[in-house]
Amino acid sequence: MKRVLVCVVLLLGVLGLSLQTVAITAIVEHPALDAVREGIIDVLIENGFKDGENIKIDFQSAQGSVSTAVAIAKQFISLNPAVMIGIATPSAQALVNATKTIPIVFSAVTDPVSANLVPSFGKNPGNVVGISDMTPVKTQIQLLKLAIPDVKTIGIIYNSGEANSVTIRQFAKEACDALGLNIIDITGSTTVEMIASLNAQIKDVDAIYIGTDNTAASSMESISTVALREKVAIVAADIDIARTGGLIGFGFNYYQIGRSTGDLVVQILNGVSPSELETKILGQESLILFVNTDIAEQLAINIPQSILDRADLVVEDGVEKTR
Amino acid sequence: MAILEQGLIIGLMALGVYISFRIVDLPDLTTDGSFALGAAVAVRALVTGIPAWLAITLAAIFGAVAGSVTGMIHRKFKVNVLLAGILVMTMLYSVNLRVMGGPNLPVPRVVAEKSTQSFEEMSGGTGLEDLFGELEIKTQGRALKTGSVVKNIFNNDLNGSDLLLIIFIISTVIILLTIILRSDPGMLLRAFGSNPSGIVAFGVSQDTLAVVGLTMSNFIVGLGGGLFALYSGFSDATIGQGMVVTGLASVIMGEILLGRVKFFYGLLSPIIGGVIYQTLLSLAMRYGYRIGFLASDMKLLTAVFIIVVIGVRQISTSDGKRKVKQEVKRLWSNSKISQ
């Protein structure tokens with residue numbers, strides 16, 4: 001009986017359905033990556049591509065597992081989709097390694113060149129194109145130094161298991177070297193490890209910098225509690241991270257990254273080849289500068305008027321205002 | 001075809017699990033780590049310019065070393081084999097990050113030169129430059145990373161050549177394994193698995209056999225990890241997560257399908273089980289979302305499946321066998337009536 005059952009299941013697997021499909025996969029689900037997906041789907045709808053009507057959107061999350069990401073990629077291939085979308089580095093890599101013909105659009109990949117997704121930014125031959133979420137690390141460090149002139153040592157909180165964070169850490173190191181700042185790595189592969197190393201090293205740092213690290217993003221409540229207790233300011237590359245107890249945030253809106261990705265997807269659905277499209281970062285107009293003056297007051301930091309003048313979002317007396 | 005290819009590779013890894021869990025009867029948890037180690041070593045070797053064949057051999061050898069370390073910790077320091085495996089697996093997480101030089105290492109494709117540019121270099125600025133005055137940082141030219149042309153053994157174009165290659169590797173492993181396990185020392189190993197204390201009568205050290213068993217198991221797991229990485233196109237720090245359970249599930253599925261068979265066919269059960277596991281996984285992902293099933297639920301289902309199978313075996317071998325059968329029959333007929 002069991003054997004018959006297994007055989008039936010096997011047979012079913014061989015039979016596949018072929019539909020005009022947009023296949024989306026993300027390595028994990030968290031607010032920033034979910035915003036990317038929403039942006040993509042909204043742009044598709046605005047351009048007349050509706051799930052269930054003229055296209056079929058198939059979404060799979062690898063839930064943080066790389067081997068699941070690979071399995072998802074292989075399974076997507078069998079659907080022969082019109083276009084596949086990989087959100088975050090491992091998912092995009094899995095897709096790119098699974099096919100050389102089906103168009104692939106990646107999104108929220110910090111360093112697509114090092115990840116071997118495309119040979120360079122701009123137009124590339126082949127079936128891969130996408131949007132990078134490379135963040136202006138140098139400017140973030142400069143903002144930190146401008147807001148806190150007497151800063152000597154910066155602690156960088158990241159998970160050395162995240163490829164994007166390793167690249168960002170490298171850029172931060174270069175900027176700090178140029179400005180004569182010391183750097184201390186505060187790393188952890190899990191939330192618990194991260195908080196433990198933060199507690200151990202917080203006394204040695206004058207300020208904290210956080211890139212677009214997924215582990216740090218999910219530990220922000222604890223990180224900001226520790227930092228505020230020790231009167232250490234946090235500057236972040238992600239607005240959502242900065243909103244949780246950060247002093248300054250300067251980075252992209254992930255929904256916008258999703259919308260730009262959606263534009264590429266629409267063009268491919270309309271018959272444009274990926275080799276005609278450019279792999280790019282978002283322009284400076286999509287950058288958002290966030291400042292929390294309540295935190296500044298708490299830490300006795302005097303934010304220069306020049307920064308406040310340019311801020312897009314300012315938190316004052318517990319209320320966030322758009323400028 | 002892709003499912004079959006990936007399933008066979010998972011099956012090869014499961015063969016390693018079969019050796020530790022079934023043949024030498026040592027529940028070895030090193031697998032998660034040695035699978036990732038194999039992946040890391042294989043890709044690192046390719047990046048260094050070592051040919052792919054040598055790269056997967058190295059992956060297997062490093063896996064074997066990891067297994068022997070577990071074996072030594074278990075026998076020499078009298079540490080429970082589960083704990084020894086967990087210790088080595090934990091150590092390997094750090095080792096793998098070192099081997100890869102980072103969390104994630106792609107198999108180099110045909111690339112010429114490349115460089116990682118900062119946002120400011122690519123976009124021409126952030127529009128905040130005027131704020132900084134003397135804090136301005138001049139961007140200096142970055143050294144270009146030079147990649148080399150590396151030939152992967154897999155071409156991923158689903159024309160059957162990858163499948164043949166995988167089948168060839170698996171056949172070689174199984175043939176070698178059969179020869180080894182049918183030889184006199186191999187017989188001792190199998191005897192050790194079924195009756196560890198009985199082996200003393202032959203004047204052979206149990207320690208040696210345990211270490212050899214774990215080494216062989218992780219040799220194959222490392223090979224599987226190396227193949228998986230080359231096949232997937234990259235290695236990642238988390239690539240080995242849950243491999244013990246996946247392997248065990250494959251072994252059990254294969255055993256259910258094949259039933260009681262001769263020793264040689266027993267070696268095939270994890271391979272067949274791996275293919276079935278992969279098929280079920282992709283089916284679950286393909287159709288499961290309609291009932292709210294997520295790919296992430298597969299780990300839960302896998303573990304529950306193992307528990308159920310073990311539970312059923314336990315009951316069916318005990319005195320309660322007949323009673324359970326009657327109970328099932330009764331429920332079955334009841335359900336028919338209610339329909």
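**Close-up views of a predicted model**

View 1. Buried here is a residue with 20 or more other C-beta atoms within 10 Å of its own, the C-beta atoms being placed from the backbone. Strands are DSSP runs of E with at least two residues, helices are runs of H or I with at least four, and both are numbered from the N terminus. Because 5 of the 5 residues of this strand (residues 128-132) are buried, strand 6 of chain A is largely enclosed by the rest of the structure. This is a predicted model, in which local features need pLDDT of at least 70, side-chain atom pairs count only at pLDDT 80 or more, and totals for chains, interfaces and linings use all residues. Residues are numbered from 1 along each chain as its sequence is written, and chains are lettered from A and ligands numbered from 1 in the order in which they are written.

**View 2. The neighbours of strand 6 of chain A.** Strand 4 (residues 104-109) of chain A pairs with strand 6 of chain A in the parallel sense, over 4 bridges; pairing takes at least two bridges found by DSSP. Here A:Ile104 stands opposite A:Val128. Strand 12 (residues 278-281) of chain A also runs parallel to strand 6 of chain A, joined by 2 bridges, and A:Ser132 has A:Ile281 as its bridge partner there.

**View 3. Where chain B meets chain A.** Here 49 residues of chain B are in contact with 63 residues of chain A, contact being C-beta atoms, placed from the backbone, within 7 Å. Helix 10 of chain B gives the largest share of the chain B side, 8 residues.

Methods
Contact = placed C-beta atoms within 7 Å. Buried ≥ 20, exposed ≤ 12 C-beta atoms within 10 Å, placed from the backbone.
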